[in-house]
Amino acid sequence: MRGPQVPEYIRKLAVYIPGKPIEEVERELGMSDIVKLASNENPLGPSPKAVAAVKAALPTLHRYPDGSGYALRKALAARHGVDIEQVILGAGSVEIIEMLARAFMADGDEAVFSQQSFVSYLLAVNQVNGRAVTMPATSGRGHDLPALARAVGDRTKLIFLANPCNPTGTYFSRAALDRFLAEVGDRALVVMDEAYHDYVARSDFPDAIDDVKAGRHVMVLRTFSKVYGLAGLRIGYGIASRDVIATVNRVRSPFNTSSLAQAAALAAIDDADWVRGSREHNLRELDFLQGELERKGVPFTPSVTNFVLVEFWSNIGELFLEFQKRGVIIRPVGGPGLVNCGRVSVGTHAENVRFLAALDELVPARAGA
Ligand SMILES: Cc1ncc(COP(=O)(O)O)c(C=O)c1O
């Protein structure tokens with residue numbers, strides 16, 4: 001039987017391959033104590049305030065959620081000092097990335113981003129038959145902002161900048177962002193993807209919500225999936241001008257964020273203790289992990305966030321399986337300049353020790369030489 005005709009650009013789409021769920025690996029290997037360091041989640045768990053809010057919201061599950069997420073948007077607007085009309089919610093910030101591509105890009109329009117950045121930009125652009133214009137990263141695996149600015153052309157509608165960047169763990173400074181924004185002006189919407197901004201402890205790290213407030217053509221994306229520990233609920237948000245938000249709202253599906261996710265996020269933004277504790281844990285353990293990698297002579301890209309990009313010594317596909325056999329799931333990454341690289345999330349101390357023990361078993365003598 002012949003199915004419906006599928007457009008060429010849809011047939012060519014690659015399916016996103018997420019980090020393997022723990023349960024799947026445990027089933028495959030017959031193990032029960034697998035450590036997952038593959039998706040940059042909060043290893044300490046969800047914000048307890050969010051968990052309590054979810055429990056309290058359970059009796060109203062038969063109702064549709066507030067489609068616009070009024071209460072959460074109001075709280076986020078107050079938190080960031082913007083108007084409620086400048087805030088949009090998404091089922092994770094990934095959904096907002098996809099909405100942006102649908103809202104701003106027609107066939108053949110372009111989006112510019114760094115080759116070594118978040119894979120969802122490419123997927124979102126391909127889904128709307130847009131053209132991805134990518135620029136190589138710098139030698140230190142950072143965004144090459146001057147090259148990205150030069151790549152902006154007449155058909156460029158969006159520029160995606162992940163700061164800090166996944167999978168590299170690098171960041172760029174306020175001064176670098178100012179230069180970039182001055183260069184690009186209003187020619188394309190600059191999407192500042194700040195999924196990991198809570199983890200960064202650098203005084204020159206920019207908060208691009210300031211740029212939205214200054215009237216620059218910028219949209220900021222944030223998520224509850226990382227420091228707040230709510231990845232399973234799928235909730236994130238975007239902040240931009242009223243016009244940009246109104247445009248993105250045109251392509252938003254009516255009830256895109258669930259009532260439980262909204263309730264959890266609303267409680268989580270007030271859980272300052274959880275954020276502080278999670279951040280402190282991360283800084284301590286990131287330091288430990290990077291120190292140990294250095295001691296073992298295993299090269300990595302210095303990170304400002306909750307994961308480290310490690311340059312392994314041989315085929316990452318095979319090494320991934322070897323780590324898995326030892327009960328540790330890491331995330332292989334590929335693409336230009338990332339041969340045999342893997343991303344390792346910062347876990348609990350015990351999880352990090354587990355990863356390092358597996359590494360010790362696998363690392364060839366020459367890597368430490
Ligand atoms: C750079 C970056 N942006 C956005 C996201 C999306 O997160 P979520 O859709 O869970 O909000 C991620 C998730 O890993 C990420 O690494």
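Me: Is D211 buried or exposed?
Reply: D211 is buried, at a relative accessible area of 0%, where buried means under 20%, exposed over 50% and partly exposed in between, with a 1.4 Å probe and protein chains only. This is a predicted model, in which local features need pLDDT of at least 70 and side-chain atom pairs count only at pLDDT 80 or more, while totals for chains, interfaces and linings use all residues. Residues are numbered from 1 along each chain as its sequence is written, and side-chain values use heavy atoms, with hydrogens and water left out.

Me: What does R216 form with D211?
Reply: A salt bridge, with the closest N and O atoms 2.6 Å apart; the term requires a side-chain nitrogen of Lys or Arg within 4 Å of a carboxyl oxygen of Asp or Glu. R216 itself is partly exposed, at 39% relative accessibility, and a network of salt bridges links R174, D178, D211 and R216.

Me: And how many salt bridges in the whole structure?
Reply: The search finds 22, including one between D270 and R79 at 3.8 Å, N to O. Because D270 lies in the loop between α11 (259-268) and α12 (272-296) and R79 in helix α4 (residues 70-80), that pair ties together parts 191 residues apart in sequence; helices (H or I, at least four residues) and strands (E, at least two) are DSSP runs numbered from the N terminus.

Me: Switching topic, which strand does β10 join, and how do they run?
Reply: Strand β10 (residues 307-311) runs antiparallel to β13 and is joined to it by five bridges, with V308 facing V344 as bridge partner.

Me: How many residues of β13 are buried?
Reply: Five of the five in β13 (residues 341-345) are buried.

How values were computed. Two strands pair if DSSP finds at least two bridges between them.
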